Amino acid sequence: MPFNTLLTRKLGIKIPVVQGGMQWVGFAELASAVSNAGGLGILTALTQPTPEDLRKEIRKCRAMTTNPFGVNITLLPALSPPDYGAYARVIIEEGIRIVETAGNSPGPVIKTLKEAGCIIIHKCTTIRHAQSAIKLGVDFLSIDGFECAGHVGESDITNFILLSRARQSISIPFIASGGFADGQGLAAALSLGAEGINMGTRFMCTVEAPVHHKVKEAIVAADETDTQLVLRRWKNTTRLYGNKVAKEAARVEQESTSGKFEDVAPFVSGKRGREVFINGDVDYGVWTAGQVIGLIHDIPTCDELVKRIEREAEETISRAASLMYDGHQHLKSKEGTVGDKTNNPTAEVWGVGKSKL
Ligand SMILES: Cc1cc2nc3c(=O)[nH]c(=O)nc-3n(C[C@H](O)[C@H](O)[C@H](O)COP(=O)(O)O)c2cc1C
């Protein structure tokens with residue numbers, strides 16, 4: 001049965017699953033595969049060295065899918081920041097309708113994109129930031145819990161609380177991001193009030209993700225404790241795959257007496273991290289992954305993954321509905337009628353409230 005949420009309707013997609021922007025991963029191969037599977041694929045603008053390269057990537061993606069796809073713009077503090085305005089102009093000129101924004105001071109970029117009629121999905125890790133983004137006129141919030149890969153924020157609130165807080169206190173639709181890998185997760189997010197989910201790490205571990213197979217094997221082998229937080233000292237807390245370099249960075253961060261970022265900078269170099277995706281040496285540099293690595297056990301195509309999520313979500317929602325008791329039916333369990341001592345001598349002990357259907 002097709003999904004019908006504010007996200008699917010507004011974006012024109014079939015399944016309420018978004019592939020979040022990923023630096024060095026969000027190329028046309030992955031974004032088009034996700035969109036062809038019925039979700040929303042997203043190109044990462046800053047993965048392209050110049051705005052003109054982004055234009056080429058958008059055209060390449062358009063040749064690979066006729067379905068909607070978006071572009072991510074991430075605004076991070078930098079000594080010489082990229083020309084965000086020029087990237088935004090290319091997005092508009094190329095007719096991109098959906099933009100995922102993230103990071104600091106997104107106001108001017110969001111204003112430009114909104115004036116051009118783009119739908120903005122803004123990613124944030126706190127309710128306070130969500131409220132500020134609403135004032136900027138964004139269409140959806142992507143609520144990123146502490147479980148997520150990459151920039152987790154400084155308040156360490158996981159999605160069980162954050163999503164319910166969003167439902168209680170924000171006035172625009174939101175999707176759930178961080179810790180999602182399967183249809184049970186999608187069903188849970190919908191139950192908590194979200195209109196869909198956003199996934200990063202899970203999509204990184206698919207056939208079409210343009211990263212070395214050894215990185216995908218490392219994700220499959222990892223469990224949920226295998227991530228490492230770094231850069232808290234500089235209020236830029238980031239969740240990484242917990243390899244040797246990330247652990248060394250964390251140690252230096254903790255032990256540095258100068259407290260200077262320069263001490264840790266060589267360990268968290270983005271250049272070396274990028275190399276990992278190309279050469280497959282998972283300890284060569286730091287790379288981003290979320291706690292959800294503990295839930296990832298295979299390397300499917302995006303089509304297999306998205307279809308599986310759709311099926312699992314449907315089954316989960318039906319199962320949850322079947323747990324409701326209308327007051328007339330007799331509840332039957334494998335062990336017999338609940339409370340019926342003849343079929344099931346232990347039934348009395350379980351009682352209706354704890355029936356195992
Ligand atoms: C390798 C990698 C790179 C990422 N790069 C970015 C980025 O450049 N901009 C951004 O907004 N989010 C980035 N993210 C975060 C994802 O878009 C998404 O919010 C996050 O992965 C959700 O958590 P999950 O990994 O548990 O699904 C990245 C995630 C990964 C795994």
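1. The eight-stranded sheet is open, its strands are paired in parallel, and their order is S1-S9-S8-S6-S5-S4-S3-S2; here two strands count as paired if DSSP finds at least two bridges between them, and strands (E, at least two residues) as well as helices (H or I, at least four) are DSSP runs numbered from the N terminus. Strand S1 (17-19) and strand S2 (41-44) stand at the edges with a single partner strand each, so one side of each has no neighbour in the sheet. On average, neighbouring strands of this sheet are turned by 30 degrees against each other, direction ignored.

2. This is a predicted model, in which local features need pLDDT of at least 70 and side-chain atom pairs count only at pLDDT 80 or more, while totals for chains, interfaces and linings use all residues. Residues are numbered from 1 along each chain as its sequence is written.

3. Axes are lines fitted to C-alpha atoms, for helices over the stretch in contact, with angles from 0 to 180 degrees between N-to-C directions, and two residues are in contact if their C-beta atoms, placed from the backbone, lie within 7 Å.

4. Helix H6 (residues 127-135) also packs on this sheet, touching strand S5 (119-124) and strand S6 (140-144), and its direction makes about 160 degrees with that of S5.

5. The axes of H4 and helix H5 (residues 107-115) come within 10 Å and cross at roughly 20 degrees, which makes H4 roughly parallel to H5 (angles under 35 degrees count as roughly parallel, over 145 as roughly antiparallel, 65 to 115 as roughly perpendicular and the rest as oblique). On the H4 side the contact involves Tyr-84, Gly-85, Ala-88, Ile-91 and Ile-92, which meet Val-109, Thr-112 and Leu-113 in H5.

6. A separate point concerns the open sheet of three strands, which has the order S7-S11-S10 and antiparallel pairing. Strand S7 (150-151) and strand S10 (227-230) are at the edges, each with a single partner strand, so one side of each lacks a neighbour in the sheet. S7 pairs with strand S11 (residues 238-241) over two bridges, and the bridge partner of His-151 in S11 is Thr-238. Helix H11 (residues 244-255) packs on this sheet, touching S10 and S11, with its direction at about 35 degrees to that of S10.
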